[in-house]
Each structure stands twice: as structure tokens, then as C-alpha cells.
Amino acid sequence: MKIIGITGGVGAGKTRVLSYIEAHYRCRIVRADEAAHLLYEPGQECHQELVGLLGQQILNADDTIDKTRMAEIIFGDQKLLERVNEIVHPAVKRYILEQIAHEREKGEADYFFIEAALLIEEQYDKIADELWYIHADAAVRERRLAESRHYSPQKTADIMRGQLSEAEFREHCKVVISNNGDLEETYRQIRNVLL
């Protein structure tokens with residue numbers, strides 16, 4: 001089973017690429033964001049630590065974490081964000097390693113995909129056999145984010161500024177999939193890589 005990390009800037013189309021892969025290949029896909037949300041649930045690894053750090057104010061009536069309230073508390077406080085990341089990122093990585101072991105044991109998947117915004121920063125290259133960079137031009141990404149998420153140009157620019165540069169993505173990733181809008185061309189590139 002080959003382990004592949006998928007990354008790229010906001011609006012590059014990682015979800016669309018992974019949807020195609022999921023429909024056409026024997027694979028398991030784990031998205032780091034979804035794994036983190038699982039680990040926030042009551043009784044899961046991150047729940048008590050986050051409540052201990054941020055207080056009862058982040059809890060809903062049913063003891064689940066209100067992610068919007070949590071984001072509001074963290075927003076603008078770099079030290080607090082770092083402390084949250086110190087709780088969440090290692091837990092997500094452990095969860096992903098457990099899922100890889102589980103899939104290897106089952107022996108049904110040819111590929112295991114890890115999708116994470118911070119794939120390079122969190123050193124997933126030590127887990128994955130190779131990293132893929134899903135690339136789309138800045139103008140294409142801006143248009144997509146305006147249409148699909150109703151982001152303002154300013155919000156998109158702020159997010160993009162906080163992410164790795166194209167040169168950094170390309171430096172760390174073995175495969176670059178161009179995803180500027182012609183989906184058949186994007187899918188052809190995927191088929192060429194996943195022979």
C-alpha cells in the first residue's frame with residue numbers, strides 16, 4: 001500500500017481531486033481536518049486537554065466543543081494557537097498512523113491518501129512515500145473561493161499569505177497536479193501517476 005500526502009493552497013481543488021481518486025481507485029483517504037474534529041469529541045484524545053486549556057466556555061450543552069467559539073477565542077492570540085496546535089497536531093498524526101496500520105492489516109487498499117493543509121510543515125514526508133502538490137493559479141483559486149465560499153478578495157489574500165509559496169510546495173512535493181479548471185486534464189494527470 002502506497003502512502004501519498006496531498007497538499008496545496010486554499011482553493012486549489014484538493015477535494016475535487018480526492019473525490020475522483022476515491023471513485024476510481026482502491027484507496028483510503030484521511031483528511032487531517034476531519035480527523036481533528038473526531039478527536040475533539042467527548043471521550044476522545046483532544047477533548048479534555050482543549051477544555052483544560054480554553055475553559056468550559058468552548059463547550060455546548062451536550063459537552064461537545066463549539067468549534068466556532070473555540071476559533072473566536074484563539075483568533076489573534078498566536079501563543080494560544082500554538083498551544084492548541086501542540087495538542088491537536090500530534091494527536092492527528094497518531095490517529096493517521098493508526099489508520100495506516102489498520103488499512104495495512106486489512107490489505108484491501110492500494111493507496112492511502114493523507115490530505116492536510118500543513119502536510120509539509122508537520123513533516124508528513126516522514127510518513128508518506130511521496131507528497132503531491134495540487135496547483136491552481138492564484139486567479140483561479142480566488143474565483144473559486146468567491147463562488148463556493150463567498151470569500152472576499154481580502155479574506156482570500158490573507159489566507160494565501162499565511163500559506164507556503166508555490167516554490168516551497170514544489171520543492172517538497174514529488175508530484176504536481178495542475179488543476180486550473182479542465183477537469184479531464186486534471187484526471188488524466190492523476191491516471192498517469194497512479195498507473
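Contact here means heavy atoms within 4.5 Å. The model shown in every view is predicted.

**View 1. The largest nonpolar core.** This core has 39 residues. Met70 is among those with the most contacts inside it, together with Leu50, Val88, Val92, Ile96 and Ile114. Helices α2 (32–39), α3 (47–54), α4 (67–74) and α5 (78–106) each supply at least two core residues. So do strands β3 and β4. The largest share, 9 residues, comes from α5. In soluble globular proteins, nonpolar side chains tend to be buried together.

**View 2. A second core.** A separate core holds 20 residues. Val17, Trp132, Ile134 and Ile177 are among them.

**View 3. The open parallel sheet.** Five strands, in the order β2-β3-β1-β4-β5, make up an open sheet. The pairing is parallel. Which strands stand at the edges? They are β2 (27–31) and β5 (175–178). Each has a single partner strand, so one side of each is left without a neighbour in the sheet. From one strand to the next, the twist averages 25°.

View 4. β2 pairs with β3 (residues 111–115) over 5 bridges, in the parallel sense. Within this pairing, Val30 has Ile114 of β3 as its bridge partner. Helix α1 (residues 14–24) packs on the sheet. The helix touches β1 (2–7), β2, β3 and β4 (130–135). The direction of α1 makes about 155° with that of β2.

**View 5. A salt-bridge network at Glu130.** The structure holds 12 salt bridges. Lys2, Glu130 and Lys174 are linked in a network of such bridges. The side chains of Lys2 and Glu130 meet at 3.2 Å, N to O. Lys2 lies in strand β1 and Glu130 in strand β4, so this pair ties together parts 128 residues apart in sequence. Lys174 also forms a salt bridge with Glu130, with the closest N and O atoms 3.4 Å apart. Lys174 lies in the loop between α8 (166–172) and β5, so its pairing with Glu130 ties together parts 44 residues apart in sequence. Lys2 counts as partly exposed at 33% relative accessibility. Lys174 counts as exposed at 64%.

**View 6. The Arg69–Asp66 pair.** Arg69 and Asp66 meet through their side chains in a salt bridge of 3.1 Å, N to O. Arg69 is partly exposed, at 31% relative accessibility. Asp66 is buried, with a relative accessible area of 17%.

View 7. How many disulfides does the structure hold? The count is 0. A disulfide would need two cysteine sulfur atoms within 2.5 Å. The sulfur of Cys27 is 18 Å from the closest cysteine sulfur, which belongs to Cys173, and that is too far for a bond. Cys27 is partly exposed, with a relative accessible area of 21%. Cys46 is buried, at 1%.

Methods:
Residues numbered from 1 in each chain as written. Predicted model: local features only at pLDDT ≥ 70, side-chain atom pairs only at ≥ 80, totals over all residues. Heavy atoms only, no water. Pairing = 2+ DSSP bridges. Helix = DSSP H or I, 4+ residues; strand = E, 2+ residues; numbered from the N terminus. Axes fitted to C-alpha atoms, helices over the stretch in contact; angles between N-to-C directions. Salt bridge = Lys/Arg side-chain N within 4 Å of Asp/Glu carboxyl O. Buried < 20%, exposed > 50% of the residue type's maximum accessible area, 1.4 Å probe, protein only. Core = buried A, V, L, I, M, F, W, Y, C linked by side-chain atoms within 4.5 Å.
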